[in-house]
Amino acid sequence: MANTVNDSAIKKLKLLFTVVDRPKCEFYLDVLSQFDINCQMALGGVGTATSELTELFSLNREKAVILSVVRDDKTDEVIRCLEEKFRTIKKGKGIAFAVPLSSVIGVNLYQYLSNNRFMRGEGI
């Protein structure tokens, strides 16, 4: 049997950026993990508002930037969920956007990132 590519098994990937107040980082990591996301990384960040503005509007300058690799077919659902959480969670505001990944090198890496459990020859 020749190695053939099953196009229905290949899903494009996107890199999702979610920026939230640092105390809400664990909450949003849990929310994102509900979408079969195998690869997430949280980085510390600092907002750009001046100290006068942060005091005036009670803003938190300490941010978390969450990077998640998401299958393209799940991206809209994930962003809709985040939008709803941003609206409804107390002090849960944030921003989220996704950019396409143009390539991933290696079948095993792709399978892990896309949460694709097929083995070589069975799906990819």
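Two strands pair if DSSP finds at least two bridges between them. In this predicted model, strand E2 and strand E3 (residues 62-71) are joined by 7 bridges and run antiparallel. Within these strands, Val-46 stands opposite Glu-62 in E3.

**The sheet**

The sheet is open and has 4 strands in the order E2-E3-E1-E4, with antiparallel pairing. Strand E2 (40-46) and strand E4 are at the edges; each has a single partner strand, so one side of each lacks a neighbour in the sheet. On average, neighbouring strands of this sheet are turned by 20° against each other, direction ignored.

**Aromatic pairs**

The count of aromatic pairs is 3.

Phe-17 belongs to strand E1 and Phe-97 to strand E4 (residues 94-100), so the pair ties together parts that are 80 residues apart in sequence. Phe-97 has 39% relative accessibility and counts as partly exposed.

Tyr-28 lies in helix H1 (residues 25-33) and Phe-86 in helix H3 (residues 72-88); the pair links distant parts of the chain, 58 residues apart. The cut-off for buried is under 20% relative accessible area. Tyr-28, at 0% relative accessibility, counts as buried. Phe-86 is also buried, with a relative accessible area of 10%. Together with Phe-27, the residues Tyr-28 and Phe-86 form one aromatic cluster.

**The largest pocket**

The largest pocket holds about 360 Å³ of space. It is lined by 18 residues, and the closest to its centre are Asp-21, Leu-59, Asn-60, Lys-63 and Lys-93. By class, the lining comprises 6 nonpolar, 6 polar and 6 charged residues. Strand E1 (residues 13-21) gives the most to this lining, with 3 residues.

Note on methods:
Residues numbered from 1 in each chain as written. Predicted model: local features only at pLDDT ≥ 70, side-chain atom pairs only at ≥ 80, totals over all residues. Heavy atoms only, no water. 1 Å grid on protein atoms, 1.4 Å probe; cavity = no way out; pocket = protein on both sides within 12 Å on 5 of 7 lines; lining within 4 Å. Points joined across faces, edges and corners; volume = space filled by probe spheres on them. Helix = DSSP H or I, 4+ residues; strand = E, 2+ residues; numbered from the N terminus. Nonpolar A, V, L, I, M, F, W, Y, C, P; charged D, E, K, R; others polar. Phe/Tyr/Trp six-rings, centres within 6.5 Å; stacked < 30°, edge-to-face > 60°. Buried < 20%, exposed > 50% of the residue type's maximum accessible area, 1.4 Å probe, protein only. Axes fitted to C-alpha atoms, helices over the stretch in contact; angles between N-to-C directions.
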